[in-house]
Structure formats: C-alpha cells, structure tokens
Amino acid sequence: LQHYFIQSNLSMTAETVDPSADDAHISFAKRLAHNNKETRGSALRKLKRWLVTKSKQGTLDNSEIIKIWKGLHYSMWYSDKPLVQEALALDISQIVTLIPDTEDSVKFFGGFCQTIAREWAAIDKLRLDKFYMFIRTALKSVLEFCADKSWEPEVVTSVVSELDSTIINSENCPTSISVYISEHFLTLYSEVATVSTPPLFITKLLMCYITTLSQTPKKDLSRVIMTNLFNPITEKSVSVKLDLQMLNAHIQELAVKPDILTRNRKLLYKLRNDLTIAIEGDLSNLSPLGKHKLSDENSLSNGAIAEEPVSEPNKKKKKKKEIKSISEKGLNGDSTVAVEISNGSEVDAIMNGDAIDSVEVKEPSKTKPKKKKKKAKAATEVNTAAEPDVALETKPDVALETKPVVAIEIKPDVAIETKPDVAIESKSDVALETK
C-alpha cells in the first residue's frame with residue numbers, strides 16, 4: 001500500500017511538469033530541489049528530454065539554463081552517500097553531450113560554471129568533497145564533449161572562454177575552484193586526449209593560467225599554479241602537445257605591460273625559458289628576454305640577447321678650491337699668522353709665540369663634515385715657557401707636554417719644603433720647654 005501511494009505521488013508530480021508550458025524551467029527547478037530522491041530522479045529524466053526538444057527548436061534561453069542549474073545544484077546538495085552522489089554527478093554532467101546544438105551545450109556548461117561560482121561560498125565543509133567531485137566530473141564530461149566534436153577550434157575556444165570568464169580569472173569566483181581545476185586538469189586531459197589530439201585546448205587553458213600569473217599579487221597562488229600545471233610539463237613528468245609559439249607570444253604580450261609586477265614579469269620570462277627548453281631543447285629561437293622594449297628577432301643571431309646601450313654616468317666636476325688668506329696679529333702683536341682655508345671656511349688662529357709662519361686647514365670630508373673645534377682656548381692655556389716650534393707643528397702635543405710639567409714642578413716642591421719643617425720645629429720646641 002505504501003509503495004502504491006509513492007508511485008501515485010510520483011505520477012502526480014510528473015503530470016504537474018508540463019514541458020510545453022512557458023514556465024516549465026521553473027517547475028523543473030523546484031522538482032530538482034525536492035528533498036525526496038524519487039522526485040528528483042523523475043524530474044531529472046524529464047529534464048533531459050525537455051532540453052533536447054528545446055535545443056532542436058532553437059528556443060533554449062540562457063536565463064532558463066541558469067534557473068535549471070539552480071535546481072540541479074540543490075539536487076546534488078540533497079544527495080547522500082558517495083556512490084549515489086557520483087552517479088548523480090555523472091548523470092548531470094553528461095547532459096552537455098546530449099544536447100544536439102553545440103552552442104546550447106556550451107551555454108549549458110557555462111551555466112554550471114556560473115552556478116558553482118555563485119553558490120560556492122554557501123557550501124559547508126561537510127559537502128565540499130561532494131562538490132569537488134562534481135567539478136571534476138563536469139570537467140571530464142566537457143573534455144569528452146570537445147573530443148566528440150573533434151576538438152573543433154570554435155568549440156574549444158568557447159568552452160575555455162566560459163572557464164576563463166566565470167572561474168579562472170573571474171573576480172566573483174573563489175580562488176579555490178581555479179586551484180582545484182589546475183590540480184586535476186592534466187590527469188583528466190590525459191584520460192581523454194590521444195596522440196592525434198590537437199594542442200589547442202590545453203594551450204588555451206594554460207594561457208588563462210598564465211594571465212593569472214601575470215595579474216595575481218599572491219605568491220602562494222603563483223607557486224601552486226606552477227606546481228600543479230607548469231612544473232610537470234617543464235620537468236617532462238607528463239607528455240602533452242603544446243603550441244609553443246602561441247604560449248610564448250601570450251607571455252610576451254603580458255610581460256611588456258607597464259602595470260605588471262616585477263616579480264610576475266620575472267616569473268613569466270623564466271616560464272618561457274623553461275617551456276622552450278623542455279619542448280625545443282634550446283633558446284636559440286627566442287627573442288631577448290627581460291626587456292620592456294624588445295628588438296627585432298631577425299636582427300639577432302643564435303638567440304643572443306641584445307643589450308641596451310648603457311649611458312655612462314656624468315662625472316661630477318670638481319669644484320675649484322677657493323683659497324683665502326687671512327692675516328691676523330697674535331696676542332703679543334709681534335707675529336703675523338697666514339692661514340689657508342679651503343671651500344670658504346673661516347678659522348681664527350690665535351697663537352702665543354714669536355715665529356709663526358702659516359697654518360694649513362685641510363678640506364673637510366664631503367660625506368660626513370666634521371665640526372671644527374675652536375683652538376683659541378687651547379692656545380691660551382699653553383705655558384708661555386713652551387717652545388714655539390713645537391706649539392706650531394702639533395697643538396695636541398703641546399697640551400700633553402705642558403700640563404704634566406706644571407704638576408711635577410709645583411706639587412712635589414710644596415710637599416717637601418713645608419710639611420717636614422713644620423713637624424720637626426714644633427715637636428722639638430715643646431719637648432725642651434716641658435722638661
């Protein structure tokens with residue numbers, strides 16, 4: 001009896017979805033997001049037939065696809081158990097190969113990309129693995145779709161353009177989805193591609209990630225993309241066909257932009273060298289690297305890097321020393337002092353002595369100018385009995401010679417003359433009187 005009621009309920013549900021109605025896509029979205037598994041399964045089977053019919057009629061609209069994908073997203077949301085989830089993900093992803101019109105198929109895959117980018121922030125951590133698996137399954141299905149279309153350039157360009165605009169280089173999409181695709185793309189591509197597969201798809205996708213490398217300010221993101229995508233190719237751990245000329249032209253176009261970070265520019269040039277060495281074995285066919293303005297490749301031979309002419313630094317002209325002579329009288333008024341001063345500095349020289357000829361003041365250092373000490377005080381403290389020649393040659397030596405001499409001549413004499421005399425006279429006088 002319970003089975004009878006379930007079947008009757010499903011039949012009533014199926015009758016409520018009229019494929020010919022104008023709002024059929026809304027009804028499909030509601031049934032696909034139902035919490036009953038049987039209701040979701042029945043709606044999905046009818047949805048496949050409805051999409052094929054609409055595509056043949058040429059009336060499948062992009063807004064309808066977006067609303068249908070809203071229901072398909074929550075159909076995966078309510079799905080439980082790993083095997084059931086994998087079966088549902090494969091069933092949904094293969095719809096892209098069932099739609100007869102190629103343009104509608106690409107739009108259906110674009111609806112998946114927009115929906116997963118929009119709803120990703122609302123997915124809790126318990127459902128992340130399920131939706132990661134869903135992304136991987138959808139990506140493999142679209143590769144199989146391109147293979148069924150014989151990797152036509154228009155189809156490949158449209159599919160990669162949807163990935164690039166909605167996920168890889170989209171500001172509205174979380175970076176984790178793009179990183180996950182870069183992590184699993186080479187594995188999925190090797191499962192679908194054959195020896196005769198043209199290199200257009202993988203070359204176009206790598207160009208999208210090269211654009212990311214040129215724009216991102218995040219070092220970690222650049223490192224992860226290089227590790228997942230480019231290092232296996234440059235290290236030859238995977239065997240893929242690439243259009244090297246197209247990749248190098250794209251790298252060159254991005255690297256010469258003035259707003260690119262220097263770190264990203266260096267990374268692009270290094271990647272260009274590594275890819276060329278891995279595929280061709282040498283750098284003989286490359287134009288100069290590391291320059292904003294590259295010279296013509298035909299003017300270079302054997303891949304030599306054209307060096308830009310380096311302008312010699314302008315030598316600073318040495319300023320002519322301005323020498324001034326200053327004559328002043330000494331303290332006694334008998335001798336004349338001639339002082340040579342460099343760079344316009346002024347020094348007063350006051351000396352005590354008879355034979356004073358000239359004093360030379362050296363040019364102060366340019367880097368750390370030293371403050372000139374006034375030597376007038378030191379000159380006045382010098383003993384008048386000091387030799388004039390010594391005082392003129394080295395003033396610091398005069399201070400060292402004169403001060404100790406004064407201390408030796410005065411202090412010891414006072415101690416020897418006064419103290420012993422007083423002690424002898426006083427003690428002897430007192431002793432005679434008392435006795």
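Helices (H or I, at least four residues) and strands (E, at least two) are DSSP runs, numbered from the N terminus. This is a predicted model, in which local features need pLDDT of at least 70, side-chain atom pairs count only at pLDDT 80 or more, and totals for chains, interfaces and linings use all residues. Residues are numbered from 1 along each chain as its sequence is written, and side-chain values use heavy atoms, with hydrogens and water left out.

Q: Where does serine 42 lie, and why is serine 42 called buried or exposed?
A: Serine 42 belongs to helix H3, which covers residues 37-57. A residue is buried under 20% relative accessible area, exposed over 50% and partly exposed in between (1.4 Å probe, protein chains only). The relative accessible area of serine 42 is 14%, so serine 42 is buried. Its C-alpha atom is separated by 8.5 Å from that of arginine 31, eleven residues apart along the chain.

Q: What is the phi of lysine 81, and why is lysine 81 called buried or exposed?
A: Most residues other than glycine have a negative phi. The phi of lysine 81 is near 70°, a positive value in a residue other than glycine. Lysine 81 lies in the loop between helix H4 (62-77) and helix H5 (82-93), and with 63% relative accessibility it counts as exposed.

Q: What is the phi of lysine 236, and where does lysine 236 lie?
A: Lysine 236, although it is not a glycine, has a positive phi of about 60°. Its place is the loop between helix H12 (219-234) and helix H13 (244-255). At 58% relative accessibility, lysine 236 counts as exposed.

Q: How do you know whether valine 159 is buried or exposed, and which residues is valine 159 in contact with?
A: Valine 159, in helix H9, has a relative accessibility of 0%, so it counts as buried. Contact means heavy atoms within 4.5 Å. Leaving aside neighbours within four places in sequence, valine 159 is in contact with Val106, Phe109, Val142, Cys146 and Phe201. The C-alpha atoms of valine 159 and leucine 205 are separated by 9.7 Å, with the two residues 46 residues apart along the chain.

Q: What makes the pair of tryptophan 69 and phenylalanine 134 stacked, edge-to-face or tilted?
A: The ring centres of tryptophan 69 and phenylalanine 134 are 6.2 Å apart and the planes are at 40°, so the pair is tilted. Tryptophan 69 lies in helix H4 and phenylalanine 134 in helix H8 (residues 128-148), so the pair ties together parts that are 65 residues apart in sequence. Tryptophan 69 has a relative accessible area of 3% and is therefore buried, and phenylalanine 134, at 2% relative accessibility, counts as buried.

Q: Which residues form one aromatic cluster with Trp69?
A: The cluster is formed by Trp69, Tyr74, Trp77, Phe108, Phe109, Phe112, Phe131 and Phe134.

Q: How many helices and strands does the chain have, and what percentage of its residues count as buried?
A: The secondary structure comes to 17 helices and three strands, and 36% of the 435 residues of the chain count as buried.

How values were computed: Rings of Phe, Tyr and Trp (its six-membered ring) pair if their centres lie within 6.5 Å; planes under 30 degrees apart count as stacked, over 60 as edge-to-face and the rest as tilted.
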